[in-house]
Every structure is written in C-alpha cells, then in structure tokens.
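Subject: Structure handover

Hi,

Here is the structure I promised to pass on. Have a look at it first, and then read my notes below.

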Amino acid sequence: MYILKHFPRLLFFILCFTLACTSCSKEDTPPTPEPEEELPTPEEEGPVVLQNEVNDFIWLGLNEIYLWQDKVPNLADNKFNNTDDYFSFLNTYNSPEDLFESLLYRRGEVDRFSFLVNDYIALENSFQGTTLSNGLDFGLVRIGNTNDVLGYVRYVANGSDASTKDIKRGELFLTVDGQQLTVSNYYDLLFGNNSSYTLGIATISNSQIELTNKNVTLTKTNFTENPIHINKVIELNGTKIGYLMYNSFIANFDSELNNSIAELKSQGITELVLDLRYNPGGRVSSALALCSMITGQFENDIIITEQWNPKYQAYFEQVDPDFLINRFPKALTDDSPITTLNLNKVYVLTTGGSASASELVINGLDPYIDVVQIGTNTAGKYTASITLYDAPDFSRDNANPNHTYAMQPLVYKSSNINGVSDYDNGLTPDHIITYQTNSGSSFEGENIENLGELGEDTDPFLAKALSLISGTTTKSYENLKAVKGIKVDHIAESNDFKPLGKGMYTTLKTK
C-alpha cells in the first residue's frame, strides 16, 4: 500500500518551527510505494502527470498535521496504492480551493476555521496587524425579512483613514457608491478590489430606516492597527477601575500592552474591565501573556493544554509531554518582564465577535480567578492553527516560487486546567445583555440604535460592568435598558474578511 512514514519526520518538524509559523516535514515528491506491492502501470498509458502542484502541497500538509486527519478517509496514510493513484485523485479537483474544502472534517459544523489563501504575503502582514483597510470596524445585519443589509459602525481605528472623516461609532449606512447593500452584493461592495467607496449614511426613526443626505468616502491603505484601542481609568464611588479595549492579539504590540497594564497599575486600579467584544483572536503567546498581566500570582501554573491529531499527540506524549502545556509566563517572548495586576476578579465584555485567543483568556483564567463575563456568547473557537507553505518542510524558507498559496489548518484544540474545551456554541456570559423592540420582543446583544460611546457609561455593556462593580443598579444602566431597538439578523462583520479572520495561531515554543 501507499503508506506514509510519519514519526521519523516529526522531530524535524519541531526543529523547523519559525517565529512566523510552525512547520512540519514534507517530501519533495509523494512517498514511493512499497516495492512488493507496487501496481505496474501499463506501458501504453504512461504515468499520470500531476496537473496542479498546489494540490500536492495541500494533501501532504493536511495529511501530516491536520487536527482531524484521522477522521477524513481521503487523508488516510494508506489511501493510495501508488503515485498514479495519488495524482489521479488530485487531478479530479478543478482548483486548490475545491480540494482543500473537500478534505476538511465536517466543514461548517466541526471545522469552521481552517482556511487556504492564495497570497501569503497578505496573511503574514495580518499577523503583524497590517491589512488593506480604511480603519472602519462594522457589523452587517439583514433588515427584517428582506435581503437588504444595513451596516453599523462599531468603532473607528485610531490613526486610520476613517479617523480623519466625519464618521463615528453608532452611525448606520445603507448604500455603497449609491447601491443598496444586499446579502448578495455586500462582499463585492465593501471587501472587493475597490480602493475606496462612499457610504450612504442612514438613520432609524419609528423603526423605519431612511437615508440621510450625508455621504462619507473612505480609502483603503496598508494600515497597521494598534489593537489597544482604549486604555483608561474610571473612578466610581472612590474605586479606580481600569478599562482596556483590546481588539487583537498581535505579538508586535505585546510591549505596548504590557505598558498599558503598567499605566493602569501605576494609577492604583483595583478592578479591571477587559473589552474583547470585537477581538477575533490572534497569537497564542500574546493571550498567555495577558493572562499573566491580569493575575501574576499563578506563575508557571497551567493555563491550557493542547491536543493534536493522534500521531502527533502520541509523539509529544512520548518524547516531550511538556510541549503540550501552556503555562502562565513571567516574561514576554523578548524576555521583557511582565507587569502584573494580581487581580482575583476580572470583568470581560464579549459578543459573537470575541473568538479564539479571546476565548482562551476567559477559559484559561476561569479556574483561577472570578471571570465575570458580560454580553453575549462568544464565537466558539477553541482550536489553533499554523501556517503551512509549499516547501520541503512546509516552512517559509524555500517556499515554492511558482505561487503564493499557503494553508492555515487547525492543528490542535485547547483545554483549560479543568479540561473544559469543545465549546462549539461559545462561552456563555454570566450576565447577558438584551434589549427590547417596540413590539415587545427581546433580543440579545448590542442594540444598534443604542451603542453608546466606548469607554463611557453610555455604553450598555460597560454600564452593566460598572453596576456590578459598584454593587448597585446605576441610573445610567436603567435608562440605557429602556431604549427600544429594531429586530435585526446579524450576517457578518468586518473582521470576518481580514486574512486571519477569527483565527488563533501557534508559534514555536523555545526552552
């Protein structure tokens, strides 16, 4: 049979990790069949020729390290009798994308987050926080029972093109370049190749959505967003409360995050509200560092453990069990000491946009301190991915110059020290934020007619946290709850269309 030999290559995989991605071993050509079982090819037919070399890269990479490799029959180590069988299989797919999607385990149900890109430069830039963006973060909702779509601004990134324009959180838009947004055109209008577009601003009056005379033109640039959007101290009845809105786990900003925590500490905060509502995830090491920044009293204790596919799991357990363990670090990856708050409680604001590394922080801290979650269920991503390139060892070095395809397959799932994992429906808040419509219906989440100002008590999510900290239901929170909203169906958000999306990725652990 056409059998792959894995274990001799696993150690090489570990040694070939890079800072930007993890790597596993790949043979230059498909492994040769066992001589005694090779099926001869009739001379008149000739050998099968591989039509697309990217397909070879995709199959070998997923067969090697994909989390659910053992559950996908077409990824079985003994799937093929010989090279001709293998190439014939790959040639049945019209595109690399078709092959990739066909090899994922229960796509959309179990594996919702593995992805393939045809431009790994853009992917690498996204790991550094740089994307082609105008800096407008927004959500998209379907209007009633129609196919029309309404956009609402969640925040404007500091220093972006949008920050120089007349647009702010809470504003609504109905058209792009004069066209009504719909479920079938919003992607092309907002996330297509256009470098700029003009939004038609709308308003809601008596549950009716109408265009105003206001238009805002925005231009996309290669923009690096600082994930630390707001860092401030709120004083309430003599209590100093830190408020940190952190929108992505990006290693390049770990030092700035550490400095932000140091600023809060220097001002004597005794409570912390961590706003992860729009944080889709990012680098695991950054999430682990944040766990230590919030606490500090659990140095070297276990935050999460990893579970890889069976062949990798068995190898790690036999050769290096500690590789599977992620602990509270005392320093950043550049060896800078972590500033700690030594808190025993943290208030975390969440929505369905809170994913992967954001959920790791909540789930990882929960066994150790009181994590008070406020908002709505998180995305439900407890898995991490790595970047695979088309190279002999899947690393960035010596990547195939003929194309720029790369894969970001899921490779392990995480569990906290109590074994909590598999939260497919997300992490459920202790306090769910709801609003009512004029018809009396109740809905969970942000009321797009009443988003309030971030970092202020006009924001219903933060107002709820402040009420819990003060121990009383504030007048501000009661007034905010009384504001009616309209029924909406959330269909997408701007983070969904960034190269990494709602991703959590792993990197080399050095000892």
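Let's start with the second largest pocket: strand β2 gives the largest share of its lining, four residues. Strands here are DSSP runs of E with at least two residues, helices are runs of H or I with at least four, and both are numbered from the N terminus.

Before going on, note that this is a predicted model, where local features need pLDDT of at least 70 and side-chain atom pairs count only at pLDDT 80 or more, while totals for chains, interfaces and linings use all residues. Residues are numbered from 1 along each chain as its sequence is written, and side-chain values use heavy atoms, with hydrogens and water left out.

Back to the pocket. A pocket is an open set of points on a 1 Å grid over the protein atoms alone, where a 1.4 Å probe fits, with protein on both sides within 12 Å along at least five of seven lines; lining residues have an atom within 4 Å of a point. The second largest pocket has 29 lining residues, and L132, F191, F497, K498 and P499 are the ones nearest its centre. Two or more lining residues come from each of α5 (120-127), β2, β3 (136-143) and α6 (186-191).

Now zoom in on T130, which is in strand β2 (residues 130-133). Is T130 buried or exposed? T130 counts as buried, because its relative accessibility is 15% (buried means under 20% relative accessible area, exposed over 50%, partly exposed in between, with a 1.4 Å probe and protein chains only). Leaving aside residues up to four places away in sequence, T130 touches N125, N222, F223 and T224; contact means heavy atoms within 4.5 Å.

Finally, the aromatic rings. The whole structure has 30 aromatic pairs (rings of Phe, Tyr and Trp, using the six-membered ring of Trp, with centres within 6.5 Å; planes under 30 degrees apart are stacked, over 60 edge-to-face and the rest tilted). One of them joins F80 and F89: their ring centres are 5.3 Å apart and the planes meet at 50°, so this pair is tilted. F80 is buried at 4% relative accessible area, and F89 is buried too, at 13%.

Cheers
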